[in-house]
Amino acid sequence: MAAAILRRLNPTTATRVAPLLPLARAASDSTSPLTIETSLPFFPHNVDPPSRTVATTPAELLATFRTMALMRRAEIAADSLYKAKLIRGFCHLYDGQEAVAVGMEAAITRRDAIITAYRDHCLYLARGGSLVAAFAELMGRVDGCSRGKGGSMHFYKKDAGFFGGHGIVGAQVPLGCGLAFAQRYRKEGTVTFDLYGDGAANQGQLFEALNMAALWKLPVILVCENNHYGMGTAEWRASKSAAYYTRGDYVPGLKVDGMDFLAVKQACKFAKEHVLENGPIILEMDTYRYHGHSMSDPGSTYRTRDEIAGIRQERDPIERVRKLILAHDLATAQELKDMEKEIRKEVDTAIAKAKESPMPDESELFKNVYVNDCGLESFGVDRKVVRTVLP
Amino acid sequence: MAAAAASLHATAAVSKSRSAAIPQVATSVRVAAASRGPGSARARGGLVVARAAAVKDEAADTNSGGHEVLMFEALREAMIEEMTLDPTVCMIGEDVGDYGGSYKVSKGLSEMFGDLRVLDTPIAENSFTGMGVGAAMKGLRPVVEGMNMGFLLLAYNQISNNCGMLHYTSGGQFKIPIVIRGPGGVGRQLGAEHSQRLESYFQSIPGLQMVACSTPYNAKGLLKAAIRSENPVVVFEHVLLYNMKEKIPDEDYICCLEEAEMVRPGSQVTILTYSRMRYHVMQAVKTLVNKGYDPEVIDIRSLKPFDLHTIGNSVKKTHRVLIVEECMRTGGIGASLRSAIIDNFWDELDAPPMCLSSQDVPTPYAAPLEDATVVQPPQIVAAIEEICR
């Protein structure tokens, strides 16, 4: 019914074929500036917060919608693949948290580094990772981004400054400070975004690393993706102080509405400028995950379905951007729906392609244990299979 | 300070020293030098390393000059040379900078290279080791010092999961050219917690390489090779060996990381050892030679992987093996080595391979008890007599 009305009102869509461009409107490519206020303020700790007025463009908003919808669709598809036993082991899904990945990416360049823990699929995609490589890796195929040898928790993309992908909670935080150390050492003028969760916020190595980063003014931004649950433990049960943005004490911090793409983008932009001058800062992204901790966790034993539904209703990052786009008349609801349909197809195609990729050959087992030095491959203490090329 | 990666490798210093190599050294000891330069194997991600079969006596005999150093000075020379050659080499550890290193290995380095390249850290092994790994992922070549190897137990997660495994789990995208070094082993009444042998714990970590140095010559050579290696290498030094004196060549040389060192050729029985136990073995050998035995002594040097090429050739010659190590009996390097020898050279053996290890006890403080913890020369003599019966 609505579609019929739209057809009558808008003759250009009457004879609709699958569009080559996602949207027909001229405004969709527009880079004319748009300023929007974030719905929540930033809460600062020992720092002056950035302005709530964020500069963006119609093109950026539409691209953001597209990327977040793609991520959402990809994670839901991963859920189905897991239930179909094509993905095994651990699978930690990011749906609900898309705004953090996309907002961060919008504020930085590929020369800046990002490192995160195991909820890494969408960060990988945001850094330019291929959907096919992502699904292939999840299914353990040789065309995966880590040749099938890493799995869900070990996505990396070196050429885009994405340093993974780490399974042990909190262990990536010192690594991120090391990345920042190298950036400072080489005077690159770039920064590292070092992501961790509210669960990892109590790790000792985080505070050790923060101390060193502050001592040596390393250009690192510690980003706490606070989804309020460390697996089954709510933040108030794990942390004496759940104000993670203040936990740095002498290190300044900012609490950000992590479901608001524009707030995240503003905060990350602000943080990047700040750390290049002043050393580390903590960004706490107030976000939420719809899925449980991983596919093994239903996610409903420690929180109510009402809570999950409520967040989805009030704070969903994709819906927020959709409302912005519609309010500013940058696209029609139908166009956005069509975009989502096309995204669904894109994801399905990628999965189909990933399924075609073979499992790694057994010879792959011993590759990349060591970097080949002087042609010597060693497989363990007794070097049972040895190929030496002596100069 | 280095700008971005354009010319990180200097060619001048090494080629000059290679052409200056004195012939007497070159004939009996193949002195190794890595080739450098933009077109080099190094820049392409491989490293061409000619083997140096380090024969201790011959190195000392050269008339080419050479200079006498103590072990810690040899290590320091290695650090200075590598840090001069390659601006991405840096040092990270406690008291390595201003203090000069608790064993003086980095004395004067922070004046030479600045306090960013010789970084004094707070006492936070877990995270500064992790930082070293992160820096290595991003293209630096850090040398992380554990003031005592035992403290690196705190960094075990970083060493195992991130250092050892990242190259594999990233499908080969990231390499971790880090060196982790420090003194370990039983000292003089340092107490249980400061007398640990971490090679037992690290040996199972896939992707890690481990070497143990025992003389100033191999200490300098192995540390230089470790720094130049694209793999993560743990270099085990020993608290009691830092004042060992030896004459080492003046020119640039490195030792092959995967090679064992023939200390004393022989024909009757193979003794495999490493680090400080080499000296206990050589002391026992004096007694054994007087008693008419002819043992072959090999310092295995490479703890992971084992140099089964050299070891195998020796076993094929002598048919009897004794391993003398400082690790504890349970799960030590000796246990793995014995297993590897049995798997590979069973047909060559005329006697069960014996392994003398330290006792499975925390190292006691009292001197006689501490002596009883580790293998002593009389026990080695007795073991050889037993094997050769």
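Reader: In which loop does Pro305(B) lie?

Author: This is a predicted model in which local features need pLDDT of at least 70 and side-chain atom pairs count only at pLDDT 80 or more, while totals for chains, interfaces and linings use all residues. Residues are numbered from 1 along each chain as its sequence is written, chains are lettered from A and ligands numbered from 1 in the order in which they are written, and side-chain values use heavy atoms, without hydrogens and water. Helices (H or I, at least four residues) and strands (E, at least two) are DSSP runs, numbered from the N terminus. Pro305(B) lies in the loop between β12 (302-304) and α12 (308-318) of chain B.

Reader: What kind of peptide bond joins Lys304(B) and Pro305(B)?

Author: Most residues other than glycine have a negative phi, and most peptide bonds are trans. The bond between Lys304(B) and Pro305(B) is cis, with omega about 0°. A cis peptide bond also joins Gly164(A) and Gly165(A), where omega is about 15°. Gly165(A) belongs to the loop between α5 and α6 (172-185) of chain A.

Reader: Which phi does Met231(A) have, and where is this residue placed?

Author: Met231(A) is not a glycine, yet its phi is positive, about 50°. The residue sits in the loop between β7 (229-230) and β8 (233-234) of chain A. Buried means under 20% relative accessible area, exposed over 50%, and partly exposed in between (1.4 Å probe, protein chains only). Met231(A) counts as partly exposed because its relative accessibility is 48%. Asn368(A), likewise not a glycine, has a positive phi of about 65° and is found in the segment after α12 of chain A.

Reader: How is the packing of α5(A) and α12(A) to be described?

Author: Two packed helices are described by the angle between their axes and the distance between the axes. Axes are lines fitted to C-alpha atoms, for helices over the stretch in contact, and angles run from 0 to 180 degrees between N-to-C directions. Helix α5 (residues 131-138) and helix α12 (residues 333-356) of chain A meet at about 50°, with axes 8 Å apart. They are therefore oblique to each other; angles under 35 degrees count as roughly parallel, over 145 as roughly antiparallel, 65 to 115 as roughly perpendicular and the rest as oblique.

Reader: What is the strand order of the open sheet in chain B?

Author: Two strands pair if DSSP finds at least two bridges between them. The 5 strands follow the order β9-β11-β10-β13-β14 (chain B), with mixed pairing. β9 (261-264) and β14 (354-358) of chain B are at the edges with a single partner strand each, so one side of each has no neighbour in the sheet. From one strand to the next the twist averages 25°. The antiparallel strands β9(B) and β11(B) (residues 295-299) are joined by 3 bridges, and Glu261(B) stands opposite Asp299(B). Helix α11 (residues 277-290) of chain B lies across β9, β10 (269-273), β11 and β13 (321-328), at about 170° to β11(B).

Reader: Is Ser275(B) buried or exposed?

Author: Ser275(B) counts as buried because its relative accessibility is 7%. Its place is the loop between β10 and α11 of chain B. Not counting residues up to four places away in sequence, Ser275(B) touches several residues, including His238(B) and Asp299(B).

Notes:
Contact = heavy atoms within 4.5 Å.
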